[in-house]
Amino acid sequence: ALPLRVCIKDTWEPEIFLIERGPDRVPLCLDLLPALSGEDTTKGFFQELVNILFSYVCKSFRRSSKVLDFHHPHQLRVGLEGFSLELPDQPENLEQLLVDCKDTLKYGVKTGHPRFFNQLSSGLDVIGLAGEWLTSTANTNMFTYEVSPVFILMEEVLLRKMQEIVGWSEVEGDGVFCPGGTMSNLYSVLLARYHFFPEVKTKGMTALPRLILFTSAHSHYSVKKSAAVLGIGSENVVVVKCNDRGKMIPAELESSIVTAKDQGCVPFYVNATAGTTVYGAFDPLNAIADICESHGLWLHVDAAWGGGLLMSKLHRVKLQGIERAWSVTWNPHKMMGAPLQCSAILVKKRGLLQDCNQLCAEYLFQTDKHYDTSYDTGDKTIQCGRHVDVFKLWLMWKAKGSEGFESQVNKCLENAEHLFDKLKERPDFELVFKSKPEHSNVCFWYIPPSLRNMPPGPERNRRLHEVAPKIKAKMMEQGMAMIGYQPLGDKVNFFRCVFSNPATQTEDVDYLLEEIARLGHDICIRIETDL
Ligand code: ABU
């Protein structure tokens with residue numbers, strides 16, 4: 001039974017019929033506020049929920065606990081040990097709801113666990129979490145100052161700070177927080193097109209010539225997706241070659257632009273990546289900016305992943321030239337550890353977002369309000385309702401200061417270097433690229449004994465391709481760590497380890513390698529006998 005002091009209403013005339021009940025009756029959600037005298041029940045419910053959440057937070061950081069308790073979709077779908085996803089006709093009691101909350105966390109993935117290496121966004125920042133709770137409690141909308149006065153100003157302060165860190169002057173800079181890096185990149189293409197062809201807003205694509213945009217072979221798929229969504233067409237995205245390290249080759253960009261022009265197309269936009277998704281590579285921003293300048297093209301820098309390095313005096317040099325960008329994507333929910341989601345599109349030219357997107361809905365953006373309506377920023381966006389993504393970041397910044405983020409970033413890159421050094425020493429692993437990681441991505445293969453002396457070639461590749469998925473499957477079933485893998489270009493499946501979780505220590509990096517070797521050894525014996 002729950003330690004809830006239960007005060008139950010039996011009828012809709014509570015002043016008369018309020019009855020204090022014993023443990024024979026567990027409360028229903030009707031007993032929570034706004035029910036009259038529901039304060040104690042509500043408080044008890046919240047306290048119990050906080051206990052559940054706090055115990056989950058503690059467990060997330062405990063190395064002896066699992067990262068995940070994996071079940072296949074069909075197992076979760078049918079329900080496990082009283083955890084049912086089905087929606088009832090009759091209300092469940094609060095005790096059951098708390099059990100449902102517990103189970104939801106139990107069967108999920110602890111992305112804050114020090115041995116969760118699977119995603120670019122990881123970690124569980126306690127202040128950020130508190131910020132998210134407050135945000136949900138406020139339950140408001142970012143479209144107008146009248147309903148979000150404090151959050152709108154916090155967004156302005158954060159955007160200004162980030163623009164300053166990027167290196168833009170005081171008279172430059174605009175932006176919004178939006179739902180993820182893909183949306184931020186989409187904004188960049190939308191704005192670039194509008195900047196060169198403002199008639200597109202009313203006349204559509206039929207009024208425009210054939211537009212071409214450029215991005216590297218290692219860039220994020222959201223650039224192609226943006227072209228598809230915006231009616232430009234994914235075939236009008238020219239994929240520029242990269243070097244072995246995954247960096248765009250500027251000469252290839254130059255010749256692609258010239259070729260597109262010769263074909264009668266109109267190049268308008270180049271995306272350069274600062275921190276590619278898989279290799280963590282940084283495109284040469286200054287060289288790309290020179291090319292954009294000489295051809296009059298919009299330069300966007302997708303620093304969704306790499307933007308966090310701007311916080312580090314040691315590592316920000318890798319983004320040299322970012323200040324020349326016309327727009328920048330930067331996701332604090334990645335390297336800065338803000339809870340999901342928290343992504344900004346920064347735009348150098350002030351007023352462009354407003355001009356491009358505003359439709360002046362009179363029911364929301366009245367111009368005769370009694371305050372400065374330039375703070376009704378909602379019409380800058382392509383959304384109407386917009387979640388408050390800024391408070392948690394603002395609160396984290398207050399709690400850590402810029403220096404706190406700096407040491408967090410430095411630590412993640414030290415972990416990457418530690419892993420890189422370990423991998424170099426081991427005969428059972430092979431690095432995908434031999435040079436020191438620029439970001440916190442480290443890419444490698446586990447090489448089973450039978451492949452160690454096998455000459456390179458299709459047969460070795462065919463076998464090696466199977467190794468990472470098999471090890472990952474086993475790892476997820478046992479649940480003690482989690483790491484991603486993928487093929488890329490001519491490289492067969494390899495592991496990508498990324499560090500963005502401040503809880504991860506070098507002992508976790510060492511553990512990961514031992515775990516892969518242990519699981520790989522077992523699995524690979526079977527692969528080898530099967531072949
Ligand atoms: N580009 C979204 C993040 C992908 C990842 O976590 O690997």
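## The largest cavity

Nine named residues line the largest cavity: Phe 444, Trp 445, Tyr 446, Leu 464, Val 467, Ala 468, Asn 493, Phe 494 and Phe 495. Helices (H or I, at least four residues) and strands (E, at least two) are DSSP runs, numbered from the N terminus. The model is predicted, so local features need pLDDT of at least 70, side-chain atom pairs count only at pLDDT 80 or more, and totals for chains, interfaces and linings use all residues. Residues are numbered from 1 along each chain as its sequence is written, and side-chain values use heavy atoms, with hydrogens and water left out.

The volume of the largest cavity is about 30 Å³. The count is one cavity of 30 Å³ or more. On a 1 Å grid over the protein atoms alone, a cavity is a set of points where a 1.4 Å probe fits but cannot get out. A pocket is an open set with protein on both sides within 12 Å along at least five of seven lines. Lining residues have an atom within 4 Å of a point. Grid points are joined across faces, edges and corners, and a volume is the space filled by probe spheres set on the points.

What classes of residue make up the cavity lining? Eight are nonpolar, one is polar and none is charged. Here Ala, Val, Leu, Ile, Met, Phe, Trp, Tyr, Cys and Pro count as nonpolar; Asp, Glu, Lys and Arg count as charged; the others, Gly among them, count as polar.

## The largest pocket

The largest pocket holds about 520 Å³ of space. Its lining has 28 residues. Nearest the centre lie Leu 120, His 220, Tyr 221, Thr 277 and Lys 334. By class, the lining has nine nonpolar, 16 polar and three charged residues.

Which element gives the most to this lining? The answer is α7, with three residues. Both α7 (181-196) and β13 (482-488) supply at least two. Domain 1 (150-387) and domain 2 (398-521) each provide at least three lining residues. The domain bounds come from an automatic or database domain assignment.

## The ligand

Gln 119, Leu 120, His 220, Lys 334 and Arg 496 surround the ligand. A residue is near a molecule or strand if one of its heavy atoms lies within 4 Å of it. Leu 120, His 220 and Lys 334 are also among the residues nearest the centre of the largest pocket.

Three side chains place an N or O atom by the ligand. For Arg 496, the distance to a ligand oxygen atom is 2.8 Å. For His 220, the distance to a ligand nitrogen atom is 2.9 Å. For Gln 119, a ligand oxygen atom is 3.1 Å away. Taken alone, the ligand exposes 250 Å², and the protein buries 72% of that (Shrake-Rupley method, 1.4 Å probe).

## The second largest pocket

About 420 Å³ of space lies in the second largest pocket. It has 20 lining residues, and Thr 111, Gly 123, Leu 124, Pro 339 and Leu 340 lie nearest its centre. The largest share comes from α5, with four residues. At least two residues come from each of α2 (39-61) and α5 (126-138). The lining divides into eight nonpolar, nine polar and three charged residues.

Where are the cis peptide bonds? One joins Leu 33 and Pro 34, with omega about 20°. Pro 34 sits in the loop between β2 (18-20) and α2. Another joins Leu 340 and Gln 341, with omega about -10°. Gln 341 belongs to the loop between β9 (327-330) and β10 (343-347).

Glu 81 is not a glycine, yet it has a positive phi of about 40°. Its place is the loop between α3 (73-78) and α4 (94-106).

Conventions. A polar contact is a pair of N or O atoms within 3.5 Å; within protein, one must be able to donate a hydrogen and the other to accept it, and residues adjacent in sequence count only if both atoms are side-chain atoms.
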